[in-house]
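Please look over the structure below with this briefing beside you.

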Amino acid sequence: LAYIQANGKLVIGITDFAPMDYQDADGSWIGFDADLAKLFAESLGVSVEFQEITWDYKVEELNSRAIDCVWNGMTLTDDVLAAMGTSNPYCTNYQTLVYPADRAAEFEGLTSLEGLNIAGEDAAVALGATTVPVQAQSNALMEVAAGTSDAAVIDVLMAAEMTGEGTSYADLIYSLNLNEAQDLPSEEYGVGFRQGSDLVDAFNTFLAEKTADGTVLEVATTY
């Protein structure tokens, strides 16, 4: 906390991930996570700065002090819990399959993804798919739209925001709860700080207060 306050800013590591973090028409970062991050920084008496990162190197970015926390719809996996000081969960999520609407009959009710090229998260591996790595979940949708991947595995929150009628990916739809298909529990999102950081306790206090006064729900209904 003293380090942040001495610098006068909180640097948030993010990727373009609607509805959590994305840019409006003016290029400003908005979203459920971004709006809460602004409020958290304000509570600390500092400004906020959003820094796009390569997701696979988030721990290195954090430990090198290039960023001060990772706040981007981050699932609290065992690897994350071991590498960072993590907050209490603030949101639940599951992995879903996104595919072209005109191929819906091929995907609905599938129990195996064997023989398919799937862009994005590794959740598809256990169901037999060949995965196509991407730098960010939003890039997985580009792969499907371009026809270079059969489907994508992304967070259901992003799928709901970025696919279907009225979006940039109107020809893509989603179904299947891949966590459920693999008998896995739903995922929980949290914020990651450097190990041992007192910002964890500061955030948990902030989250509890903003949940109690209705701010978290108000921000959630905006997005």
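The second largest pocket is lined by D16, A18, Y22, S138, M142, E161, M162, T167, S168 and Y169, and about 170 Å³ of space lies in this pocket. The model is a predicted one, in which local features need pLDDT of at least 70 and side-chain atom pairs count only at pLDDT 80 or more, while totals for chains, interfaces and linings use all residues. Residues are numbered from 1 along each chain as its sequence is written, and side-chain values use heavy atoms, with hydrogens and water left out.

**The pocket**

- On a 1 Å grid over the protein atoms alone, a pocket is an open set of points where a 1.4 Å probe fits, with protein on both sides within 12 Å along at least five of seven lines, and lining residues have an atom within 4 Å of a point.
- Grid points are joined across faces, edges and corners, and the volume is the space filled by probe spheres set on the points.
- The elements that give two or more residues to the lining of the second largest pocket are α6 (137-146) and α7 (156-162), where helices (H or I, at least four residues) and strands (E, at least two) are DSSP runs numbered from the N terminus.
- The lining of this pocket divides into five nonpolar, three polar and two charged residues, where Ala, Val, Leu, Ile, Met, Phe, Trp, Tyr, Cys and Pro count as nonpolar, Asp, Glu, Lys and Arg as charged, and the others, Gly among them, as polar.

**The five-stranded sheet**

- An open sheet of five strands has mixed pairing and the order β10-β9-β11-β8-β12, and two strands pair if DSSP finds at least two bridges between them.
- The edge strands of this sheet are β10 (130-132) and β12 (172-177), each of which pairs on one side only.
- From one strand to the next, the twist averages 35°, with axes taken as lines fitted to C-alpha atoms, for helices over the stretch in contact, and angles running from 0 to 180 degrees between N-to-C directions.
- Helix α6 packs on the sheet, touching β8 (95-100), β9, β10, β11 and β12, and its direction makes about 160° with that of β11; contact here means heavy atoms within 4.5 Å.
- Strands β9 (residues 117-120) and β11 (residues 151-155) run parallel and are joined by three bridges, and I118 stands opposite A151 in β11.
- Strand β8 runs antiparallel to β11, with four bridges between them, and the bridge partner of V98 in β11 is A152.
- Strand β8 also pairs with β12 in the antiparallel sense over five bridges, with P100 opposite L172 in β12.
- Six of the six residues of β8 are buried, where buried means under 20% relative accessible area, exposed over 50% and partly exposed in between (1.4 Å probe, protein chains only).

**Backbone features in loops**

- A cis peptide bond, with omega about 5°, joins A18 and P19, and P19 is found in the loop between β1 (9-14) and β2 (22-23).
- R65 is not a glycine, although its phi is positive at about 70°, and R65 lies in the loop between α3 (58-63) and β5 (69-75); R65 counts as partly exposed because its relative accessibility is 44%.
- D183, also not a glycine, has a positive phi of about 55° and lies in the loop between α8 (178-181) and β13 (187-193); D183 counts as exposed because its relative accessibility is 71%.
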